[in-house]
Amino acid sequence: MPTVIEMTPWDYFFDPSKRLYWLYLASSALIAAVFLLRKPKMLSHAFSAMIWWHPSARLDYGYFIVSLLFKTLLIFPLVISAEEVTRIVYTFLASYLGYVDIDMGYGSVMVLYTLSLFLFSDFTRYWLHRWLHTVPFLWRFHQVHHSARVLNPLTFYRVHPVENLLFGFRYALSAGVVSGIFIFLFGSLEMIDLLGVNAFIVAFLALGSNLRHSHVALGFPKRIEKWVSSPAQHQLHHAQNTMNKNYGGALSLWDTLFGTLALSADTKRSRFGLRREQMEAYRTIWGLLSKPFIPRKIS
């Protein structure tokens, strides 16, 4: 059984694998300041009490604590570890294909392994996120995340425990499959890391990841947005008129390939959140947790 990982909310500010790591928050604030330097109206709105002390934002702050308790007590004990998946994949390949040892050179394997982990994880994140929208049963749980009327970095953690469980399995399977294949082919695992985290992940988190859940509509040039997801593109995903666009995590490459891309310069954004008649059930922590289990009324 996987080891239960005990974390406090405070730990999130000092863990480089978390989006709330102080360095990522600081870099996002710096990028926002530079971007908004010539946009005083957007600056005053993005950092106003209307956003940061909105009832939806206050709900995010409280739900973050509750969500962490669910992760510690329920999610972590249930989810299989990436290490266990790695062992299963390696054992399966070795049993059926025998011994393989490809000599590519230490540096080349490191680069390939680091990139493969990043790409395959982002690819599986895209498809799980897309299914959370397109499969009605899964959408009931993902609506919790989209019920936010305003966006702030803690909105990232407004996720139902069932969805957290799905993403936990997704990570374990994606990382485990890639790692198992690399051990089978090359005999070792070495990753290019910064602060103990995949270097590509650190780059994404440091380059404004916290602005994705914010009111700082930072877009990239169109050519870049077809490959890398900008904060403005993810904000479009939270808008009522474009929730079926921009499912990608770090990369918008998958949206480009599979027809779900919306470019920030070409798309008008509507208000955040669900439709007005849907919002009443998501105004409390209990509502966020219980609403997905309440049967729909048949009219």
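**Close-up views of a predicted model**

Trp-254 counts as buried, because its relative accessibility is 10% and the cut-off for buried is under 20%. The model shown in these views is predicted, not experimental.

**Figure 1. The ring pair of Phe-123 and Trp-254.** The structure holds 21 aromatic pairs. In this one, the ring centres of Phe-123 and Trp-254 lie 5.1 Å apart and the planes meet at 70°, so the pair is edge-to-face; the cut-off for that label is over 60 degrees. Phe-123 belongs to helix 6 (residues 106–134) and Trp-254 to helix 12 (residues 253–258), so the pair ties together parts that are 131 residues apart in sequence.

**Figure 2. The ring pair of Phe-156 and Tyr-157.** Here the ring centres are 4.9 Å apart and the planes stand at 90°, so this pair is edge-to-face. Phe-156 has a relative accessibility of 24% and counts as partly exposed. Tyr-157 is buried, at a relative accessible area of 6%.

**Figure 3. A cluster of aromatic rings.** Ring pairs join Phe-123, Tyr-126, Trp-127, Trp-131, Tyr-247, Trp-254 and Phe-258 into a cluster. Phe-123 and Trp-254 of this cluster are the two residues of the edge-to-face pair described above.

**Figure 4. Arg-19 and its surroundings.** Arg-19 is found in the segment before helix 1 (22–36). What lies under Arg-19 at 4.0 Å? Arg-19 sits over the face of Phe-156, and the 4.0 Å is the distance from the ring centre. Arg-19 is buried yet has no salt bridge. The nearest side chain of opposite charge is that of Asp-122, 8.3 Å away, whereas a salt bridge needs a distance within 4 Å. Leaving aside neighbours within four places in sequence, the residues in contact with Arg-19 are Tyr-24, Phe-156, Tyr-157, Phe-204, Leu-205, Ser-209, Asn-210, Arg-212 and His-213.

**Figure 5. The largest nonpolar core.** This core has 13 residues, and Tyr-24, Leu-251 and Trp-254 touch the most other members. Helix 6, helix 9 (199–206) and helix 12 each supply at least two residues of the core. Which helix gives the largest share? Helix 9 does, with three residues. A separate core of 10 residues lies apart from this one, and its members include Leu-59, Tyr-63, Met-243 and Leu-274.

**Figure 6. Contacts of Tyr-24.** Not counting residues up to four places away in sequence, Tyr-24 touches Pro-16, Lys-18, Arg-19, Leu-195, Val-202, Leu-205, Ala-206 and Asn-210.

Figure 7. Leu-195 is placed in the loop between strand 1 (193–194) and strand 2 (197–198). At 47% relative accessibility, Leu-195 counts as partly exposed. Where does Asn-246 lie? Asn-246 is in the loop between helix 11 (231–238) and helix 12. Asn-246 has a relative accessible area of 3% and is buried.

How values were computed. Residues are numbered from 1 along each chain as its sequence is written. This is a predicted model: local features need pLDDT of at least 70, side-chain atom pairs count only at pLDDT 80 or more; totals for chains, interfaces and linings use all residues. Side-chain values use heavy atoms; hydrogens and water are left out. Rings of Phe, Tyr and Trp (its six-membered ring) pair if their centres lie within 6.5 Å; planes under 30 degrees apart count as stacked, over 60 as edge-to-face and the rest as tilted. Helices (H or I, at least four residues) and strands (E, at least two) are DSSP runs, numbered from the N terminus. Buried means under 20% relative accessible area, exposed over 50%, partly exposed in between (1.4 Å probe, protein chains only). A charge sits over a ring if NZ of Lys or CZ of Arg is within 6 Å of the ring centre and within 35 degrees of the ring normal. A nonpolar core is a set of buried Ala, Val, Leu, Ile, Met, Phe, Trp, Tyr and Cys residues joined through side-chain atoms within 4.5 Å. Contact means heavy atoms within 4.5 Å. Lys and Arg count as positive and Asp and Glu as negative; His and the chain ends are not counted.
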